[in-house]
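Please read it alongside the structure below.

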Amino acid sequence: MAYNGQIPGPEIRLKEGERVRIVLQNRLVEPTTVHWHGVDVPNPMDGVPGITQEPVQPGETFSYEFEARPAGTRWYHTHFQEHRQLDLGLAGPLIIEPAGSESFAFDREYTLVLDDWATGSGPALPSTAEGAAGASGGMTGMMGRGMMHRGMMRHSHAPAYDTMTINGKAYPATQPLTVRRGERVRLRLINASADHTHVIRLAGHRLRVTHTDGAPLVQAVEVDAIPIAPAERYDTFFVADRPGAWFLTCAAPGHARAGEQVLVVYEGHEKSVAEPIAEGVAGLGLWRYDLGRGVDGLPRAWGQERVFDLALSGGMMGSDFWTINGKRYPQTDPLVLGRGDLGRIRFSNMSPEGHPMHLHGQSFRVLAVNGRRLSHPLVKDTVDVAPHMGSATIEFTAHNPGDWFLHCHKSMHMEGGLIALARIR
Ligand code: C2O
Ligand code: CU
């Protein structure tokens, strides 16, 4: 399944504050909707079937109209049976350029959409339960723990992912990125995968993280590699100061071999041969949430403070059931807030898998992870809650009225019930 016949869908570029109308013509043989992930759209434009709109039937048209904000690397994707439709290709980048100036200068930019595929053409890769953990902590042993659990932990119904792509292609089919010596090259990394965390690195170069889910940091953070959970985005740049040809790859076990590699080639070095790089994260300086200092651009709250404790469970013995406070959606309790309230959510993860939790309609601050406060909260729209008793506390101003989904972005977890509604009145 594709948007305008391409995977990922065409990059939509907007200016912050611009009004936009995007017309969805459903030429699939089944219903669909589009969600504008990370954009503060009016509730009826949010694309959640049965909640914010009726599913768009085959042959029907639906016009999405909204103001493009906040600025940053956003994305769009189907919200109808994601566990099928997202896996089949219905996702694309949505870039909102700031109305003012960019917080970090750059000379050239590339958008890289990372995706996982179950094609049935090769051996299955470890699932996230076994492979990489996220940037919220719990890094240690991430590459080791897996081997033991392989097979044991595999979900009965989880697709067997065997192929990893960058902008819809698996290496060697990936399109090389051209750079010129001396440039600052911006990379917008979008993880459109249904299940996997990717750990992106560029041989011979360090990456500087500048934005978390589109929101700028006070200062760029220099790292060797960036773990990116499903639905997360990181903007990063590197300084092109080592002419040659280099691999940009994912360090998670098996991902590079499954296709997640692209060449970065300096002009004039088209004939250089890039050295393959070893997988794994041993010795690498990895991005973590507590390394960043977010710029707090969120609206100020004017209402009351409301605190919600959400325990995420499920997945025991390979089950496909996932719960919030013991209940599966639609039985989960809604989070009820008044407009302008300050909502605080404390997630604790009692399960063996990480949960990238996404709130629709408004971004939030990440205040703490795994019991540690961040000195300067990050602004994000998706927070990866680490497995095995990991935790995260987020805070948001309930400025956008409506019924908003709050859910794990791993499609099978969502399908298994890991969803609640935030009801802002
Ligand atoms: Cu990108 Cu409901 O999510
Ligand atoms: Cu999950």
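A disulfide is a pair of cysteine sulfur atoms within 2.5 Å. By that criterion, a search of the whole structure finds zero disulfides. The model is predicted: local features need pLDDT of at least 70, side-chain atom pairs count only at pLDDT 80 or more, and totals for chains, interfaces and linings use all residues. Residues are numbered from 1 along each chain as its sequence is written, chains are lettered from A and ligands numbered from 1 in the order in which they are written, and side-chain values use heavy atoms, leaving out hydrogens and water.

**Cysteines and the copper site**

The sulfur of Cys250 has its closest cysteine sulfur in Cys408, 18 Å away, which is too far for a bond. Buried means under 20% relative accessible area, exposed over 50%, and partly exposed in between (1.4 Å probe, protein chains only). Cys250 is buried at 1% relative accessibility, and Cys408 is buried at 0%.

Cys408 (SG) also coordinates the copper ion (ligand 2), together with His355 (ND1) and His413 (ND1), at 1.9 to 2.1 Å. Donors here are N, O and S atoms within 2.8 Å of the metal (3.2 Å for Na, K and Ca); water is not among the atoms, so sites may look incomplete. Along the chain the donors are spaced as H-x52-C-x4-H. His413 is buried, at 1% relative accessibility.

**Sheet**

Strands (E, at least two residues) and helices (H or I, at least four) are DSSP runs numbered from the N terminus, and two strands pair if DSSP finds at least two bridges between them. Five strands form an open sheet in the order 20-28-27-22-25, with mixed pairing. Its edge strands, each pairing on one side only, are strand 20 (335–337) and strand 25 (382–385). Strand 22 (residues 355–359) and strand 27 (residues 402–408) run antiparallel and are joined by three bridges. In this pair, His358 stands opposite His407 of strand 27.

**Cores**

A nonpolar core is a set of buried Ala, Val, Leu, Ile, Met, Phe, Trp, Tyr and Cys residues joined through side-chain atoms within 4.5 Å. The largest has 61 residues, of which Leu187, Trp287, Phe347 and Val383 touch the most other members. Another core lies apart from it, with 21 residues including Ile12 and Leu94.

**Backbone**

| Bond | Omega |
|---|---|
| Ile7 to Pro8 | near -5 degrees |
| Tyr329 to Pro330 | about 10 degrees |

Pro8 sits in the segment before strand 1 (12–15), and Pro330 in the loop between strand 19 (322–324) and strand 20. Asn370, a residue other than glycine, has a positive phi near 50 degrees and is partly exposed at 33% relative accessibility.
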